[in-house]
Amino acid sequence: MEEDEDFYLGTVEYGGDLESIPYKYKTYKFCLEILKVDGCLIKEVPEHLIDEEMCLEAVRQSGFALQCVPLKFRSEKVCLQALLSSLFISKDVMEFIPAHIQTEEMKNIVSNHEEECKKIIEFFK
């Protein structure tokens with residue numbers, strides 16, 4: 001990455017947004033790096049740059065970023081990754097998965113996460 005790109009990546013890491021970054025720096029590689037910091041920033045990535053790999057990176061960082069992923073990229077693979085990335089909020093993430101994509105495996109993940117959360121809560125009581 002160029003020095004200027006590093007500077008702008010740093011501004012995002014410290015709470016900045018992608019909208020304030022000059023368009024010339026919004027390359028595929030740069031936007032992919034940004035999503036490693038905050039997956040929800042996918043909503044600010046130029047539409048022509050978004051692909052499945054970028055969506056996967058966003059939901060790896062935060063399963064809740066699924067709500068910001070364009071519907072056409074909410075594939076079974078992306079949705080499954082979002083659930084796996086969100087132990088404590090998988091039930092909430094499930095709301096953003098289109099019904100026709102929801103599988104038994106996804107429903108089992110949510111159920112198992114709920115059980116794990118209960119165990120963790122009990123442990124700390």
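I begin with Leu83, which touches Ser90, Val93, Met94, Ile97, Met106, Ile109, Val110 and His113, leaving out residues up to four places away in sequence; contact here means heavy atoms within 4.5 Å. The model is a predicted one, in which local features need pLDDT of at least 70 and side-chain atom pairs count only at pLDDT 80 or more, whereas totals for chains, interfaces and linings use all residues. Residues are numbered from 1 along each chain as its sequence is written, and side-chain values use heavy atoms, with hydrogens and water left out.

Now to the overall fold. The protein chain has six helices and zero strands (DSSP runs numbered from the N terminus, with H or I of at least four residues for helices and E of at least two for strands). Of its 125 residues, 43% are buried (under 20% relative accessible area; exposed is over 50% and partly exposed lies in between, with a 1.4 Å probe and protein chains only). Among contacts with a separation of 6 or more, 42% join residues 24 or more positions apart. The accessible surface comes to about 7,400 Å², and carbon and sulfur atoms account for 52% of that (Shrake-Rupley method, 1.4 Å probe; for residues, only the protein chains shown count as cover).

Which residues have the most contacts inside the largest nonpolar core? They are Ile42, Val45, Met54, Leu66, Leu83, Ile97 and Met106, in a core of 36 residues (buried Ala, Val, Leu, Ile, Met, Phe, Trp, Tyr and Cys joined through side-chain atoms within 4.5 Å). At least two core residues come from each of α2 (28-37), α3 (52-61), α4 (76-84), α5 (90-94) and α6 (104-123).

Met54, in helix α3, has a relative accessible area of 0% and is therefore buried. Beyond four places in sequence, Met54 touches Tyr28, Cys31, Leu32, Leu35, Ile42, Val45 and Leu49. The C-alpha atoms of Met54 and Leu35 are 7.7 Å apart, although 19 residues separate the two along the chain.

The structure also holds one aromatic pair (Phe, Tyr or Trp rings, the six-membered one for Trp, with centres within 6.5 Å; planes under 30 degrees apart are stacked, over 60 edge-to-face, the rest tilted). The ring centres of Phe64 and Phe96 are 5.7 Å apart and their planes stand at 80°, so this pair is edge-to-face. Because Phe64 lies in the loop between α3 and α4 and Phe96 in the loop between α5 and α6, the pair ties together parts 32 residues apart in sequence. Phe64 is partly exposed at 30% relative accessible area, and Phe96 is partly exposed at 22%.

Arg60 and Glu57 meet at 3.4 Å, N to O, and both belong to helix α3. Glu57 counts as buried because its relative accessibility is 17%, while Arg60, at 42%, counts as partly exposed. Lys107 pairs with Glu104 at 4.0 Å, within helix α6.

Which side chain of opposite charge is nearest to Glu44? It is Lys43, 4.8 Å away; Glu44 is buried yet has no salt bridge (Lys and Arg count as positive, Asp and Glu as negative; His and chain ends are not counted). Glu44 sits in the loop between α2 and α3 and, beyond four places in sequence, contacts Asp17, Leu18 and Glu19.
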